[in-house]
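Please keep the structure open as you read.

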Amino acid sequence: MPGSRPAPTEPISPAEGPLTARDAIDAVETELDRVLGEALSRAREVDALFAREVADRIAAFVGQGGKRSRTAFAWCGWRAAGGAGDATAVIRTGAALELVQACALIHDDVMDGSSMRRGSPAMHVAVARMHRAARLTGSPEAFATAAAVLAGDLALAWADDLLTRTALGSPYGQRLHREWEAMRGEMVAGQYRDLRAQASGTTDVEEALTIATLKSALYTVERPLALGASLADADAPVLAALRCAGRCAGLAFQLRDDLLGAFGDPLVTGKSADDDLRTRKLTYLLATGVRLARADGDEEALAALTAAGPDRSDETVRRMRAAMERTGARAVVESEIAGLAATSLRHFAETGADEAVRREFVLLVERVSGVALEPAGQPAPGRCPAPPGPDGASDDDR
């Protein structure tokens with residue numbers, strides 16, 4: 001388990017920094033061992049029971065892995081902006097991103113009522129089982145929900161602590177921290193819009209895109225790219241190109257996640273393929289299916305996709321999948337993903353990043369989008385989706 005062995009304390013400073021995104025991920029794994037080891041030691045000094053039942057669970061969850069895509073995108077942003085040499089700051093920023101991701105997933109599973117994450121019981125499910133095994137009093141579910149909220153909060157605190165220490169030690173710390181502040185606010189806003197959309201029952205396509213952008217696209221790709229670039233003192237044109245590349249790749253990632261949430265294999269994804277449909281979560285896939293069903297006058301598909309009720313049956317979920325196929329929604333989303341992924345590469349090429357970094361970015365976009373891509377040739381203009389906001393302008397394009 002992370003933190004169970006003596007952690008390295010030397011800075012991560014190879015002559016030219018990590019040479020590939022995979023090297024960066026490996027360095028972040030080492031950094032996470034160090035950070036989690038220190039955090040667990042502090043937790044045990046505070047209270048042994050709290051450390052065992054909360055802090056240790058967070059460390060184990062982080063240690064289960066994940067793709068570490070945010071780390072890799074932060075490294076790409078750093079390199080695209082000319083970053084080289086001592087990579088300590090960008091690696092520690094990547095580790096902070098992985099910790100905030102743990103917070104987001106723990107809280108998201110509680111709010112969505114998801115039972116599985118990364119092939120194992122979600123945090124609140126595992127805590128409820130512990131409650132029953134220990135024969136504690138009260139509702140196991142209520143206890144587990146409260147404990148999971150606290151666990152997510154603690155993961156966020158660890159992330160903030162690490163990012164703040166990194167910013168204080170960097171000549172570009174103010175830029176780094178501004179990106180981090182914006183990212184946290186966007187995450188919370190996106191999660192709230194997601195909850196509210198589900199409560200209102202809306203099927204609006206633009207609302208689905210707003211949620212996908214705030215909750216996922218910015219946080220998964222655009223902000224990590226910008227966080228890395230800020231540590232290389234990126235100039236305005238490079239940062240603008242990275243933001244557009246990140247927004248496109250991030251939306252492609254979320255739309256792919258929507259498809260996996262409806263059609264994926266749980267043995268591969270590590271989570272249920274029914275949850276999004278059973279709860280009628282507003283996704284771009286669902287919104288597109290409703291729009292196409294209405295346009296075609298397909299009442300059967302429309303009825304399946306808009307069925308009321310807090311817990312849809314297996315048969316209703318089956319009919320929802322069939323409706324998404326029949327209306328062409330699945331094909332439309334696949335096409336959107338391919339277009340967004342290709343446009344992302346064109347914007348990334350505008351940074352002037354060297355060929356090796358561009359190849360790394362292609363591989364990352366292929367991984368998050370599920371689309372086979374060719375490296376972009378000459379930079380070509382492509383549509384950069386406007387971020388949500390009253391004026392449609394990025395809050396930090398300066």
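Which residues form one aromatic cluster? In this predicted model, the cluster consists of Phe73, Phe348 and Phe361. The count of aromatic pairs comes to 2.

**Edge-to-face pair**
- Phe73 and Phe361 pair edge-to-face. Their centres are 5.9 Å apart, with 70° between the planes. That angle counts as edge-to-face because it is over 60 degrees.
- Phe73 belongs to helix α3 (residues 69-80), and Phe361 belongs to helix α16 (residues 355-369). The pair therefore ties together parts that are 288 residues apart in sequence.

**Stacked pair**
- Phe348 and Phe361 are stacked. Here the centres lie 4.0 Å apart, and the angle between the planes is 5°. Planes under 30 degrees apart count as stacked, so this pair qualifies.
- Phe348 sits in helix α15 (residues 329-349), while Phe361 sits in helix α16. This pair therefore ties together parts that are 13 residues apart in sequence.

**Burial**
- Phe73 and Phe361 are both buried.
- Phe361 has 0% relative accessibility, so it counts as buried.
- Phe348 counts as buried because its relative accessibility is 1%. The cut-off for buried is under 20%.

**Charges over rings**
- Arg70 places its charged end over the ring of Tyr219, 4.4 Å from the ring centre.
- Arg330 has its charged end over the ring of Phe263. The distance to the centre of that ring is 4.0 Å.

How values were computed
Residues are numbered from 1 along each chain as its sequence is written. This is a predicted model: local features need pLDDT of at least 70, side-chain atom pairs count only at pLDDT 80 or more; totals for chains, interfaces and linings use all residues. Side-chain values use heavy atoms; hydrogens and water are left out. Rings of Phe, Tyr and Trp (its six-membered ring) pair if their centres lie within 6.5 Å; planes under 30 degrees apart count as stacked, over 60 as edge-to-face and the rest as tilted. Helices (H or I, at least four residues) and strands (E, at least two) are DSSP runs, numbered from the N terminus. Buried means under 20% relative accessible area, exposed over 50%, partly exposed in between (1.4 Å probe, protein chains only). A charge sits over a ring if NZ of Lys or CZ of Arg is within 6 Å of the ring centre and within 35 degrees of the ring normal.
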